[in-house]
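Student: Please take a close look at a single part of this model for me. Keep it brisk, and treat it as one connected picture.

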Amino acid sequence: MKNSLPDHRKERGLSQQALADALGVSRQTIISLEKGRYDPSLPLAFKLSALFGCQIEDLFQPDAE
Amino acid sequence: MNTEQETKARWGRSRFGGSQAMLIIVSLLAGAVLSAALTLVWWNFGPSGDPQRRLLAALAFGLIMLPAMFGLCWVLLLDRSTLRGATKNPEISVESQWYGKAAVGVFQDILLVCGLGAAVLSFIEVQASIGLVLAGVVALSMADFGVRYLLIKRAEG
């Protein structure tokens, strides 16, 4: 799954650690998300969309088949 | 350092209040009491034999149980929100997914090892203590989990 998490994060001037703290997850989670190695659970996706004030689809896009 | 970080400690604090040192002391004392109680149970209901050997075995049993009981008491008494470095939502962190994947792998390995072991032992006669076999399975599972978790972490981290 592709994602635009790094862009949204940098747009708000957040470090990976700051975003992790805001979500209550480990920094490794943010690193894995941004590298596309971790597909978030629905609760985490909703938390991210609420934090950035956008839709989940704005953050995550499925890979082209 | 902000206030939230300042209130957090390496070993955390008790859910009933008090300092980090207090939590460690209470956990140590409660762990020692539990360990002594379990050793007493072992002494009364454990295998019989030479009294001197039993005494040594009881001491070894108590010493081995001590760190485990300390850990158990610490976990039960700890207020997780006071533990430095602990995330608020571990269940949605990537480590939780790694844990799940490693645990699934270990489950499959146990099925395979125990299944194959049972099949082989149906052909050859081997006498072994059930306690030792179970302890071996537990040790193997723990080692298997550790290796699998590290490999998954390296591949997906």
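Tutor: Start where the chains meet. In this predicted model, ten residues of chain B are in contact with eleven residues of chain A. Helix α4 of chain B, residues 94-121, gives the largest share of the side that touches chain A. That share is three residues. Sorted by class, this side of chain B holds five polar residues, three charged ones and two nonpolar ones.

Now the chain itself. Chain B contains five helices and two strands. Along the sequence, their order in chain B is α-β-α-α-β-α-α.

Next, the division into domains. Chain B splits into domain 1, residues 3-82, and domain 2, residues 90-156. The C-alpha centres of these two domains of chain B are 27 Å apart.

Then the overall dimensions. The radius of gyration of chain B is 21 Å, whereas a compact globule of 157 residues would have one near 15 Å. Along the principal axes, the C-alpha atoms of chain B fill a box of roughly 65 × 45 × 20 Å.

Burial comes next. Of the 157 residues in chain B, 11% count as buried. A residue needs 20 or more other C-beta atoms within 10 Å of its own to count as buried.

Last, the contacts within the chain. Take the contacts in chain B with a separation of 6 or more: 75% of them are accounted for by residues 24 or more positions apart.

Note on methods
Residues numbered from 1 in each chain as written. Chains lettered and ligands numbered in written order. Predicted model: local features only at pLDDT ≥ 70, side-chain atom pairs only at ≥ 80, totals over all residues. Contact = placed C-beta atoms within 7 Å. Helix = DSSP H or I, 4+ residues; strand = E, 2+ residues; numbered from the N terminus. Nonpolar A, V, L, I, M, F, W, Y, C, P; charged D, E, K, R; others polar. Rg over C-alpha atoms; globule rule 2.2 N^0.38 Å. Buried ≥ 20, exposed ≤ 12 C-beta atoms within 10 Å, placed from the backbone. Domains from an automatic or database assignment.
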